[in-house]
Amino acid sequence: MPTTSKDRAAAFFRDHAMVILIVGLAVVVSILRPNFISWPNLNNLAVNTAGRFLVALGVSGCLITRGTDLSAGRLVGLGACVAATLLQNPDYSGRFFPNLPRLPVWVALLAAVLVCAAFGLINGCVISFLKVPPFIATLGMQTFVYGICLVYTGAKPIGGLRRDYTDIANFKIGQFNVWMIVIAVVCGFFIWLLYNQTRHGKYMYAIGGNEAAAEVAGVNTSATKIRIYTLAAVFYALGGFLWAAKSGGTSVNMGQGYELEAIAACTIGGVSVNGGVGRVSGILVGVLVFELLKIALQFMGVETSYTYIVQGLVIVVAVALDLRKYLVKR
């Protein structure tokens with residue numbers, strides 16, 4: 001444990017190195033590009049953070065129990081496609097279900113949630129009962145879900161969404177998309193309560209700390225993991241539902257790569273890949289910082305191709321720093 005101010009400063013920088021560096025980059029960009037600090041850009045940052053935050057909340061439970069979920073992005077896409085096909089305008093020429101009656105928005109959301117939750121349940125069962133490592137189980141599910149989505153949509157883009165649906169993500173008060181932000185805040189508060197005030201949360205952290213010891217202590221590790229992966233899929237569905245509404249349309253590629261961004265954001269925010277550690281506030285900070293990085297690169301005129309290179313490096317460095325923290329504490 002650090003005992004001097006110098007040791008404490010070194011420990012703080014080690015634990016928050018990525019956050020400090022990316023925030024520093026944002027400060028530099030705001031100086032070089034004055035329009036970086038503007039209401040439209042802040043709204044863009046808030047909306048992107050809100051959508052990605054939902055995915056990161058789902059992934060966080062998997063990481064805390066020393067697992068992962070590589071199917072997250074494809075489940076986002078599936079949730080978006082299911083919702084969008086059910087909420088198209090009746091007079092849209094390319095309507096997916098021509099004779100479908102007008103459904104309430106909540107029915108489409110429920111359908112997307114149930115479909116995605118079923119795949120999350122399968123993930124949890126395969127990991128818990130068949131003892132397949134989470135990396136392999138969810139990697140297989142990633143490809144499986146993508147194939148299902150291709151078959152379902154015929155690989156065609158889905159547009160012509162109803163106004164009452166798109167307004168959920170695009171309704172503004174002043175400069176900000178209010179409902180996207182409100183939904184993210186409510187979900188964040190729910191997960192905070194779940195992680196910190198319930199038996200499920202205690203079991204989750206216990207499994208991440210030492211799964212064998214948790215089992216000896218009477219924790220039903222299988223049931224806990226199944227709940228974690230199922231709940232994660234519910235959040236992916238909600239994220240897909242909102243992203244399709246925000247975009248005014250969707251396709252099978254919606255959500256592609258979101259799982260890696262979510263893992264990076266969680267790691268930057270202090271959720272350890274070694275398990276047993278993670279806070280909702282840290283997840284929010286991690287997502288915000290990662291989105292800040294992407295927007296800063298755009299304002300600096302960095303080509304998209306190079307942006308992916310930087311994001312990949314950030315993911316690797318974030319995990320490496322997390323492992324370094326673990327080794328130092330040992």
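Q: Leaving aside its neighbours within four places in sequence, which residues is T68 in contact with?

A: This is a predicted model, in which local features need pLDDT of at least 70 and side-chain atom pairs count only at pLDDT 80 or more, while totals for chains, interfaces and linings use all residues. Residues are numbered from 1 along each chain as its sequence is written, and side-chain values use heavy atoms, with hydrogens and water left out. Contact means heavy atoms within 4.5 Å. With neighbours within four places in sequence set aside, T68 touches C62, L63, P134, F135, T138, Y229 and I263. T68 sits in the loop between helix 3 (39-64) and helix 4 (72-86); helices are DSSP runs of H or I with at least four residues, numbered from the N terminus.

Q: Is T68 buried or exposed?

A: Buried means under 20% relative accessible area, exposed means over 50%, and partly exposed is in between, with a 1.4 Å probe and protein chains only. T68 has 11% relative accessibility, so T68 counts as buried.

Q: How many salt bridges does the structure hold?

A: Side chains of opposite charge can pair when their charged atoms come close. The criterion here is a side-chain nitrogen of Lys or Arg within 4 Å of a carboxyl oxygen of Asp or Glu. The structure holds eight salt bridges. In one of them, the side chains of D164 and R102 meet at 3.5 Å, N to O. D164 belongs to helix 7 (residues 163-170) and R102 to the loop between helix 4 and helix 5 (105-129), so the pair ties together parts that are 62 residues apart in sequence. D164 is partly exposed at 32% relative accessibility, whereas R102 is exposed at 54%.

Q: Where do R163 and D167 lie?

A: Both are in helix 7, four residues apart, which is about one turn of the helix. R163 and D167 form a salt bridge whose closest N and O atoms are 2.9 Å apart. R163 counts as exposed at 62% relative accessibility, and D167 as partly exposed at 30%.

Q: Which residues are linked with E291 and K294 in a network of salt bridges?

A: R52 and E261 are linked with E291 and K294 in that network. The E291 and K294 pair has its closest N and O atoms 2.9 Å apart. E291 and K294 are three residues apart in helix 13 (residues 280-299), so about one helical turn separates them. E291 is buried, with a relative accessible area of 3%, and K294 is buried as well, at 9%.

Q: At what angle do helix 7 and helix 8 pack?

A: Axes are lines fitted to C-alpha atoms, for helices over the stretch in contact, and angles run from 0 to 180 degrees between N-to-C directions. Helix 7 and helix 8 (residues 178-197) pack at about 70°, with their axes 5 Å apart. That makes the two helices roughly perpendicular, a class that covers 65 to 115 degrees (under 35 is roughly parallel, over 145 roughly antiparallel, the rest oblique). The contact is made by D167, I168 and A169 of helix 7 and W179, M180 and I183 of helix 8.
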